[in-house]
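Please look at the sequence and the structure below before reading on. The notes that follow are grouped by topic.

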Amino acid sequence: MSTAVEVVNVARRFGSVQALDGVSLTVEEGEFFGLLGPNGAGKTTLISVLAGLTRADTGTARILGHDVVGDYRAARRALGVVPQELVFDPFFTVRETLEIQSGYFGIRNNGPWIDEILQHLDLVSKADANMRSLSGGMKRRVLVGQALVHKPPVIVLDEPTAGVDVQLRQSLWKFIRKLNRDGHTIILTTHYLEEAEALCGRIAMLKAGRVVALDTKQNLLSRFAGLTVRLVADRVPAAWQPRVLRRDAGTFFIGLDRYGDLEGLLGALRTEGIGIDELALQETDLEHVFLRIMSAAGAAGAAGNARGAAR
Amino acid sequence: MTRIAGAGWLTLLYKELLRFWKVSFQTILAPVLTALLYLLIFSHVLEANVSVFGGKVPYTAFLVPGLVMMSVLQNAFANTSSSLMQSKMNGNLIFILLPPLSPLELFGAYVLGAMVRGLVVGLGVFAVTVFFAPSLLAMPHPFWALAFALLGSAILGSLGLVAAIWADKFDQISAFQNFIIVPLTFLSGVFYSIHSLPPFWQGLSRFNPFFYMIDGFRYGFFGLSDVPPAGSLAIVAGCAFLLSLLTLAILRSGWKLRN
């Protein structure tokens, strides 16, 4: 297997903001790769560098071995990008939009593939409708279609399901999964962590322009194996304060290593006379891994983590 | 599915043509009507009072090529500037930035689109104004006129591209248009021969590249001009060449487009 995407030490500064601060990562061909991070972590900037929409200050990026600046034609031919913003050209119909996008890649007579795309994205009935008349979800589908007109081996989706209804989300993932099975490499950024958990094989987490974690989903989950208690109470026993992962008003998320630890927590609550309003026990999921990594990276030593995690 | 390497720019050119064609009421008919109004008013007011080229040419006949060229220039500018600006503002410029189109291909497609728009509007203006001066149909030097129309529209198409790359909002585009393009075209001899101006203004006009475009274009219709046409052609071709280099350099640098 060869390398689909290779990012080496990419940095990019916008004014006083260091959007990317030495990011390195590699995605192999055929992977379903997740790129996670809070808003402003640099996910979209990294995608823009890959797509040639933004130039890196330092570092290099390659798509299937083609440098995104030096060999941009081959790099862009290999890449399909679904942008985050819901953009469209109001002058054209859905079919015209897809035909024109094919044409930009030098592709003529793309009718059969466009028909297939329209079918998979459930757009057949809208093929001759003007882009302006489509709903937000429909426009999102056309954006996905536009990214696929040239059958790119590498597909990048920048939060494709933001603001999309459940039904479309399901059908979209079915289609993306099929593309992945057919050999396309998929890179996905999303805010829905359960989505990344369900789809991605390997995940990179970004924070403040740095890679703070980069591993397979299984390793990430087992690295933080354990349980989380969701507790609604006035306060948390003093000894348990350090184990609070996150606090949401009166709701505390407390990390446990095993079920046995629960007894200790209940004992401490009883000793300090804290009443329990609500208590729930949850298995570790990606969201908790994400929260733990983000809060750890927020503390000192973030840089060390990033360097260690990046390959 | 047929992949033709390097054919992407033809689609961009096609899209540029389709864009203005789909709103031709506004992009073709409106400027033709404006030019017709200019002709009706100015020729009515000035025909008896203004003498051009030593009285060898009636004023209305003199005015028609000026209006044609003015429309060619203004519409070439309007096409690139509004197309790129709309794409920037709507965010759909990304559809052009993602494919493997080179700076030269982007430049070629946008500027050719602008030239076609300029020439189509110019032909439209000529078609409705020539009734007022049928003698113009006997053009002694049509290829001179064509050369100036092509170079002039290329220059304004490039300028429109630069203006739209530079501008962050529509306001700045209309400032560029109203404070630079319109004054330079109006003061270039569309409505008068510069020999009718006082010496100072005549001298100043010679620094206006638009003057050479209009004067050279007019030569194609009358075999008469304020300055020798070969010199004008050299100046206009030089401007077109330099501006093309500048525009290409800007596109290559990615300034404001791939920041």
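**Chain B overall**

In chain B, 47% of the 259 residues are buried; a residue is buried if 20 or more other C-beta atoms, placed from the backbone, lie within 10 Å of its own. This is a predicted model, in which local features need pLDDT of at least 70, side-chain atom pairs count only at pLDDT 80 or more, and totals for chains, interfaces and linings use all residues. Residues are numbered from 1 along each chain as its sequence is written, and chains are lettered from A and ligands numbered from 1 in the order in which they are written.

**Build of chain B**

- Chain B holds ten helices and one strand; helices (H or I, at least four residues) and strands (E, at least two) are DSSP runs, numbered from the N terminus.
- Its elements follow the pattern β-α-α-α-α-α-α-α-α-α-α along the sequence.
- The C-alpha trace of chain B spans about 60 × 35 × 35 Å along its principal axes.
- Of the contacts in chain B between residues at least 6 apart in sequence, 83% join residues at least 24 apart; two residues are in contact if their C-beta atoms, placed from the backbone, lie within 7 Å.

**Where chains A and B meet**

- The contact takes 28 residues from chain A and 27 residues from chain B.
- On the side of chain B that touches chain A, the elements giving two or more residues are strand 1 (2-3), helix 1 (8-22) and helix 4 (94-97) of chain B.
- Helix 1 of chain B gives the largest share of that side, six residues.
- Strand 7 (residues 107-108) of chain A and strand 1 of chain B run antiparallel and are joined by two bridges; two strands pair if DSSP finds at least two bridges between them.
- A:Ile107 has B:Arg3, in strand 1 of chain B, as its bridge partner.

**The sheet in chain A**

- Chain A has an open sheet of four strands in the order 2-1-4-5, with antiparallel pairing.
- Its edge strands are strand 2 (17-28) and strand 5 (66-67) of chain A, each pairing on one side only.
- Strand 4 (residues 58-63) of chain A is joined to strand 5 of chain A by two bridges, and the two run antiparallel.
- In strand 5 of chain A, A:His66 stands opposite A:Ile63.

Methods
A residue is buried if 20 or more other C-beta atoms lie within 10 Å of its own, exposed if 12 or fewer, and partly exposed in between; C-beta atoms are placed from the backbone.
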